[in-house]
Amino acid sequence: MTLMRPCVCVSQARGGYFAVLSDFPDFRWAFIAYLVNSAGHWINYVAALQVLSNIAPASQGALLTSYFMVARLLPAMILTPITGLIADSIDKRLGLAICNVASAAVVTGFIAIRHTSQIGGFFIVVFLQEALFAQYETI
C-alpha cells in the first residue's frame, strides 16, 4: 500500500516568504515594483492633503477634506467592474506600464493648482489618479 505524501510548498520547505522571493526572481521584481508603487501612492495621498490644506479656505477645510475622501473612493466603487473587463483584455505588462505613465502625467496636474479658485481642478486630478490606480490594482 502506497501512502501519498502531502505536497509541500517551496515556502514551507525552506523558510517562508524570503525563500519564495529568493527562488523566484520574476516574482521578486514584481513584488518590489508593487511595494514602490504603493509607497508612492501613499506619499501622494499625504502630499494631496497638504496641497488641499494650503489652498482651502480655513472655514471649509473639513468639508473639502471629506470631498477629497469621496473623490478618492468613488472611482474604485464605480469603475472596478469596468477595469476588470479592461484588465482581462490587455497584456498585463503593457497595462501596468500605461497605468503608471498615465498616473505620473495626471499627478503633474497638482503643480498647476495654486489658488482657491482651482479646487475643482484639484478634485478632478484626484479622481483621475484614483481611477488609474483602480485600473492598476485590477491588473
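**Close-up views of a predicted helical model**

**Figure 1. Packing of helix 4 against helix 7.** Helix 4 (residues 61–89) packs with helix 7 (residues 119–138) at an angle of about 35°, and their axes are 7 Å apart. The crossing of helix 4 past helix 7 is right-handed. Of the residues that make up this contact, 17 are nonpolar, four are polar and two are charged. The view, like those that follow, is taken from a predicted model. Two packed helices are described by the angle between their axes and by the distance between the axes.

**Figure 2. The salt bridge between R72 and E130.** The side chains of R72 and E130 meet in a salt bridge, with a distance of 3.1 Å from N to O. R72 belongs to helix 4 and E130 to helix 7, so the pair ties together parts of the chain that are 58 residues apart in sequence. R72 has a relative accessible area of 14% and is therefore buried, the limit being under 20%. E130 also counts as buried, because its relative accessibility is 7%. The structure holds one salt bridge. Side chains of opposite charge can pair when their charged atoms come close.

**Figure 3. I86 of helix 4 and its position relative to Q135.** I86 lies in helix 4. In sequence, I86 and Q135 are separated by 49 residues, while in space their C-alpha atoms are 8.1 Å apart. I86 counts as partly exposed because its relative accessibility is 37%, a value between the limits of 20% for buried and 50% for exposed residues.

**Figure 4. T65 of helix 4 and its position relative to L52.** T65 is placed in helix 4. The C-alpha atoms of T65 and L52 are 7.6 Å apart, and the two residues are 13 apart in sequence. With a relative accessibility of 33%, T65 counts as partly exposed.

**Figure 5. A nonpolar surface patch that includes F27 and F31.** The residues F24, F27, W29, F31, I32, Y34, L35 and V36 form a nonpolar patch on the surface. Together they have about 800 Å² of accessible area. Among them, F27 is found in helix 3 (residues 25–55), and F31 is likewise placed in helix 3. F27 is partly exposed, with a relative accessible area of 44%. F31 is partly exposed as well, its relative accessible area being 36%.

Figure 6. F31, a member of the nonpolar surface patch, is ten residues from L21 in sequence. From C-alpha to C-alpha, F31 and L21 are 8.4 Å apart in space.

**Figure 7. The chain as a setting for the close-up views.** The chain has seven helices and zero strands. Read along the sequence, its pattern is α-α-α-α-α-α-α. The chain comprises 139 residues, of which 27% count as buried. R72, with a relative accessible area of 14%, is one of the buried residues, whereas I86, at 37% relative accessibility, is partly exposed.

Key:
Residues numbered from 1 in each chain as written. Predicted model: local features only at pLDDT ≥ 70, side-chain atom pairs only at ≥ 80, totals over all residues. Heavy atoms only, no water. Patch = residues over 30% accessible without salt bridge, like charges linked within 9 Å, V, L, I, M, F, W, Y side chains within 5 Å. Areas by Shrake-Rupley, 256 points an atom, 1.4 Å probe, with all protein chains shown as cover. Salt bridge = Lys/Arg side-chain N within 4 Å of Asp/Glu carboxyl O. Helix = DSSP H or I, 4+ residues; strand = E, 2+ residues; numbered from the N terminus. Buried < 20%, exposed > 50% of the residue type's maximum accessible area, 1.4 Å probe, protein only. Axes fitted to C-alpha atoms, helices over the stretch in contact; angles between N-to-C directions. Left-handed = near helix turned anticlockwise from the far one by under 90°. Nonpolar A, V, L, I, M, F, W, Y, C, P; charged D, E, K, R; others polar.
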